[in-house]
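Trainee: I have a structure to go through. Can we take it one question at a time?

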Amino acid sequence: PLRAVIFDLDGVIADTAVVHRSAWEKLAQEIDAPFDEVLAERMKGVDRRGSLEILLERAPRAYTEAEKDELGERKNRYYREQIGSFGPGNLLPGARHAVEATRNAGLRVGLASASRNAPLLLERLGIADLFDYIVDASTIERSKPDPEIFLAAAAGLGVAPAACLGVEDAAAGIASIRAAGMVAVGVGHREALGEADVVLPGLTAFRIGEFVEDQDRATAE
Ligand code: G16
Ligand code: MG
């Protein structure tokens, strides 16, 4: 049976995917690197350094490690300037309800965000206390699409991966969930989330009861 739901943060619970994107776009303009939809979609859910490497693939020149550190810090400054004014109004529609409904159904709730800004963001959104376990992104060695972060969340919750469901807005995140052996629920557009078991337009369409029943049926078969 289903025992836990592990949520991604940016683009699933918090309306920050657009903020990460615009911070990267600003940096791209400053270093004359091309930036488009395909690139933006590939960067989603990938950690800061990994995202930077994707951006630099088509940059006009090569960068040293020290320069890359500075570029990553600069992007983070742009990002933090934007989220400085965030509050509960920046939760995505249905997010708080989906998390609370999961708790009320007796399931454990985890958070698997690659973002080092996740603790700050959870405080600002006023939902930090709704999670039973929050992965510390700084302890993760391999970025999504590697399964490490979702497996760490399951371990922290004390639940077997096969009894977990993961929720993601990025292709890299869906791949991470599937590689961890969990049911993958995508939030957004099917085109960007091809590997997901289920795609919802947003968390307002999240019905925990349906997922519990589906899992019960799959286990009985
Ligand atoms: C998020 C975003 C990514 C971002 C990454 C690292 O992951 O989706 O765009 O690059 O975190 O964030 P930071 O630079 O704040 O450490 P997630 O897993 O919450 O979607
Ligand atoms: Mg995300």
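Mentor: Start with a term: two strands pair if DSSP finds at least two bridges between them. Keep in mind that this is a predicted model.

Trainee: In β5, which residue is the bridge partner of Gly166?
Mentor: β4 and β5 pair in the parallel sense, over four bridges. Gly166 is one of the residues of β4. Its bridge partner in β5 is Ala184.

Trainee: What is the strand order of the open sheet?
Mentor: The sheet has six strands with parallel pairing. Its edge strands, each pairing on one side only, are β3 (133–134) and β6 (198–200). The order is β3-β2-β1-β4-β5-β6.

Trainee: Helix α7 packs on the sheet, so what angle does its direction make with that of β1?
Mentor: Helix α7 spans residues 148–157. The helix touches β1, β2, β3 and β4. The angle between the direction of α7 and that of β1 is about 140 degrees.

Trainee: How many residues of β4 are buried?
Mentor: Cys164, Gly166 and Glu168 point one way from the strand. Leu165 and Val167 point the other way, and all are buried. For β4 that makes five of five.

Trainee: In β4, which residue is the bridge partner of Phe7?
Mentor: β1 and β4 run parallel, joined by four bridges. The bridge partner of Phe7 in β4 is Val167.

Trainee: What is the largest C-alpha distance among the annotated "binding site" residues?
Mentor: The annotation comes from an unreviewed UniProt entry and covers Asp8, Asp10, Glu168 and Asp169. These residues are spread over 162 residues of sequence, yet they cluster in space. The largest C-alpha distance is 8.8 Å.

Trainee: Is Glu168 buried or exposed?
Mentor: Glu168 lies in strand β4. The cut-off for buried is 20 or more other C-beta atoms within 10 Å. Glu168 has 29, so Glu168 is buried.

Trainee: And Asp169: buried or exposed?
Mentor: Asp169 is found in the loop between β4 and α8 (171–179). Beyond its neighbours within four places in sequence, its contacts include Asp8, Lys44 and Gly188. Because Asp169 has 24 C-beta neighbours inside 10 Å, Asp169 counts as buried.

Trainee: By class, how many charged residues are in the shell around ligand 1?
Mentor: The ligand is surrounded by 19 residues. The closest are Asp10, Ser113, Ala114, Ser115 and Arg116. By class, the shell has five nonpolar and eight polar residues, and the number of charged residues is six.

Methods
Residues numbered from 1 in each chain as written. Chains lettered and ligands numbered in written order. Predicted model: local features only at pLDDT ≥ 70, side-chain atom pairs only at ≥ 80, totals over all residues. Near = placed C-beta within 6 Å. Nonpolar A, V, L, I, M, F, W, Y, C, P; charged D, E, K, R; others polar. Helix = DSSP H or I, 4+ residues; strand = E, 2+ residues; numbered from the N terminus. Contact = placed C-beta atoms within 7 Å. Axes fitted to C-alpha atoms, helices over the stretch in contact; angles between N-to-C directions. UniProt positions renumbered as here; feature names shortened; annotations may be inferred. Buried ≥ 20, exposed ≤ 12 C-beta atoms within 10 Å, placed from the backbone.
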